[in-house]
Amino acid sequence: MGGEDAGAVAFPQFAPERRFVLTGQQMVIGRRSRSRGVNPDIDLVGPPEDPCVSHLHALLIAQPDGWAVVDLESANGTYLNDPSSNPIDPNVQVPIKDGDKIYLRAWTALTIHAG
């Protein structure tokens with residue numbers, strides 16, 4: 001993919017698919033950290049662990065007609081559908097729809113599926 005630190009991170013040989021059900025009004029995406037007291041709803045701690053995903057990376061917010069994603073001032077940015085595009089602006093709700101991909105650097109991508 002890309003990002004400042006991505007070139008220094010080796011892509012894992014095997015990365016199992018994981019599924020998360022979107023529930024409630026909001027869901028935090030990140031990596032758990034006991035020492036920092038961070039317990040995201042979508043916990044992307046490995047294996048394999050993408051070290052370019054921030055502990056508090058992004059937020060999914062329920063909308064009347066779907067969901068929106070918000071970058072939480074992550075270190076490596078949040079990208080929608082094209083990992084070579086500019087990252088979405090921090091702290092701005094960006095609507096997402098069925099089939100959209102959220103890229104969280106260096107290799108992590110979440111695909112949104114309705115229903």
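## Reading a predicted all-strand chain

Author: The mean pLDDT of the protein chain is 85, and 84% of its residues reach 70 or more. pLDDT is the predictor's confidence in each residue, on a scale from 0 to 100. This is a predicted model, in which local features need pLDDT of at least 70 and side-chain atom pairs count only at pLDDT 80 or more, while totals for chains, interfaces and linings use all residues. Residues are numbered from 1 along each chain as its sequence is written, and side-chain values use heavy atoms, with hydrogens and water left out.

Reader: In what order do the 5 strands of the open sheet stand?

Author: Two strands pair if DSSP finds at least two bridges between them. By that rule the order is β2-β1-β3-β4-β6, with mixed pairing. β2 and β6 are at the edges with a single partner strand each, so one side of each has no neighbour in the sheet.

Reader: Which way do the strands in that sheet run, parallel or antiparallel?

Author: β1 and β2 run parallel and are joined by 2 bridges; G30 has D43 as its bridge partner in β2. β1 and β3 pair in the antiparallel sense over 4 bridges, and the partner of Q26 in β3 is I61. β3 and β4 are also antiparallel, over 6 bridges. A hairpin through 2 residues joins β3 to β4, and Q63 has G66 as its bridge partner in β4.

Reader: What is the order of the open sheet formed by 3 strands?

Author: The order is β5-β7-β8, and the pairing is antiparallel. β5 (79-80) and β8 are its edges, each with a single partner strand, so one side of each is left without a neighbour in the sheet. Between β5 and strand β7 (residues 101-103) there are 2 bridges, and L80 stands opposite I102 in β7.

Reader: Which residues have the most contacts inside the largest nonpolar core?

Author: A nonpolar core is a set of buried Ala, Val, Leu, Ile, Met, Phe, Trp, Tyr and Cys residues joined through side-chain atoms within 4.5 Å. Buried means under 20% relative accessible area, exposed over 50%, and partly exposed in between (1.4 Å probe, protein chains only). The largest core has 17 residues, and those with the most contacts inside it are I29, L44, L60, V69, I96, I102 and L104. Two or more core residues come from each of β1 (26-30), β3 (58-63), β4 (66-71) and β6 (94-96).

Reader: What is V69 in contact with, leaving aside its neighbours within four places in sequence?

Author: Contact means heavy atoms within 4.5 Å. With those neighbours set aside, the partners of V69 include L59, L60, T78, I88, V92, V94, I96 and I102.

Reader: Is D100 buried or exposed?

Author: D100 counts as buried, at 5% relative accessibility, and its place is in the loop between β6 and β7. A polar contact is a pair of N or O atoms within 3.5 Å; within protein, one must be able to donate a hydrogen and the other to accept it, and residues adjacent in sequence count only if both atoms are side-chain atoms. The side chains of D100 and N81 are joined by a polar contact of 3.1 Å. The D100 side chain also reaches the backbone nitrogen of K97 at 2.8 Å.

Reader: Which residues have a positive phi although they are not glycines?

Author: Most residues other than glycine have a negative phi. E73 has a positive phi of about 60°; E73 is in the loop between β4 and β5 and counts as exposed at 57% relative accessibility. N91 has a positive phi of about 65°; N91 lies in the loop between β5 and β6 and is partly exposed at 48%.
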